[in-house]
Amino acid sequence: MSSLLQGVNLYLIGMMGAGKTTVGQLLAEHLGYRFLDTDDVITKSSARSINQLFVEEGEAAFRQLESDVLAQVCAYTHLTVATGGGIVLRQKNWGYLRHGLVVWLDVPVDLLYTRIAADTTRPLLQYPDPKGKLRSLLEERTPLYSQADLKITLTEEATPPEIANRVIEAIPSVLKPQVSP
Ligand SMILES: Nc1ncnc2c1ncn2[C@@H]1O[C@H](COP(=O)(O)OP(=O)(O)O)[C@@H](O)[C@H]1O
Ligand SMILES: O=C(O)C1=C[C@@H](OP(=O)(O)O)[C@@H](O)[C@H](O)C1
Ligand SMILES: [Mg+2]
């Protein structure tokens, strides 16, 4: 399977709770790639949690760190990268994402909410009406997520290995056919 993308990076985009981090690890195994999570790189290099960064530095500073990580990451090959849900917000980030294949895990709000309702690690949802917030973020970001090369729509709960398989099976449909010599 490692020859499927020939070293081209795979970037997962989508809302909080879409399963980018979970499915990304399985995809990396399938592809024989290294796995990277931009949130993870940011928290390790800053020695602070995402919540702390939002509170102490603000969202704009977090977005800058996110862009910095993405800029560094795209210099490498053979990576599966789980991004944070807001990576699509900066136009500049698309210049980095376009170095690889961009896959949108498109998950409806109800499913997102059941997965992350009890989670306290996502600062944008630590307000009254987190479900309404998810809905408005998805609405605002849908035109941006739609710029992905590949959209995997999940209308009902499937297991992470099933979703990883769907991604793997769909990848050839968006690869340019090889020209024979
Ligand atoms: N296919 C799935 N079915 C059930 N739970 C899932 C699935 N994918 C992810 N989860 C759970 O949902 C939560 C959010 O997943 P995560 O991979 O962190 O999403 P993201 O990185 O897109 O925010 C985690 O608790 C994870 O275990
Ligand atoms: O959607 C967003 O703006 C965010 C998504 C989070 O990552 P996940 O998408 O992995 O939850 C994390 O980057 C931060 O809390 C902001
Ligand atoms: Mg994640």
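Biologist: By class, how many nonpolar, polar and charged residues does the shell around ligand 2 have?
Modeller: This is a predicted model. In it, 14 residues surround ligand 2. By class, that shell has 5 nonpolar, 3 polar and 6 charged residues.

Biologist: Which residues are the closest to ligand 2?
Modeller: The shell around ligand 2 has 6 charged residues. Helix α4 (residues 59–73) gives the most to this shell, with 3 residues. The closest residues are Lys 20, Asp 39, Arg 63, Arg 122 and Arg 141.

Biologist: Which residue puts a backbone N or O atom 2.8 Å from an oxygen atom of ligand 2?
Modeller: Two side chains can be set aside here. Lys 20 has a polar side-chain atom 2.7 Å from an oxygen atom of ligand 2. Arg 122 also has a polar side-chain atom 2.7 Å from an oxygen atom of ligand 2. The backbone atom belongs to Gly 85.

Biologist: What percentage of the area that ligand 2 exposes when taken alone does the protein bury?
Modeller: Polar contacts to ligand 2 include one from the side chain of Arg 122. Taken alone, ligand 2 exposes 380 Å². Of that area, the protein buries 97%.

Biologist: Where does ligand 2 sit?
Modeller: Start with the record. An unreviewed UniProt entry places the feature "binding site" at Asp 39, Arg 63, Gly 85 and Arg 141. Of these residues, Asp 39, Arg 63, Gly 85 and Arg 141 are included in the lining of the largest pocket. Ligand 2 sits in the largest pocket.

Biologist: Where in the fold is Gly 85?
Modeller: The backbone of Gly 85 has an N or O atom 2.8 Å from an oxygen atom of ligand 2. Its place is in the loop between β3 (79–82) and α5 (91–97).

Biologist: Which residue caps the N-terminal end of helix α2?
Modeller: Helix α2 covers residues 38–46. After α2 comes Ala 47, with a positive phi near 55°. At the N-terminal end, a side-chain oxygen lies 2.9 Å from the backbone nitrogen of Asp 39. That oxygen belongs to the capping residue, Asp 37.

Biologist: Now ligand 1. Which element gives the most to the shell around ligand 1?
Modeller: There are 16 residues around ligand 1, and the closest are Gly 17, Lys 20, Thr 21, Thr 22 and Ala 158. By class, the shell has 7 nonpolar, 5 polar and 4 charged residues. Thr 22 has its place in helix α1. With 3 residues, the element that gives the most is α1.

Biologist: How much of the area that ligand 1 exposes when taken alone does the protein bury?
Modeller: Look at the contacts. Gly 19 has a backbone N or O atom 2.9 Å from an oxygen atom of ligand 1, and an N or O atom in the side chain of Lys 20 is 2.7 Å from an oxygen atom of ligand 1. Glu 157 has a polar side-chain atom 3.2 Å from a nitrogen atom of ligand 1. Taken alone, ligand 1 exposes 550 Å², and the protein buries 73%.

Biologist: Which elements give two or more residues to the shell around ligand 1?
Modeller: The space taken by ligand 1 is the largest pocket. The elements are α1 (20–31), α6 (109–116) and α8 (160–170).

Methods:
Residues numbered from 1 in each chain as written. Chains lettered and ligands numbered in written order. Predicted model: local features only at pLDDT ≥ 70, side-chain atom pairs only at ≥ 80, totals over all residues. Heavy atoms only, no water. Near = heavy atom within 4 Å. Polar contact = N/O pair within 3.5 Å; in protein donor to acceptor, adjacent residues only side chain to side chain. Areas by Shrake-Rupley, 256 points an atom, 1.4 Å probe, with all protein chains shown as cover. 1 Å grid on protein atoms, 1.4 Å probe; cavity = no way out; pocket = protein on both sides within 12 Å on 5 of 7 lines; lining within 4 Å. Sits in = over half its atoms within 2 Å of the grid points. Helix = DSSP H or I, 4+ residues; strand = E, 2+ residues; numbered from the N terminus. Nonpolar A, V, L, I, M, F, W, Y, C, P; charged D, E, K, R; others polar. UniProt positions renumbered as here; feature names shortened; annotations may be inferred.
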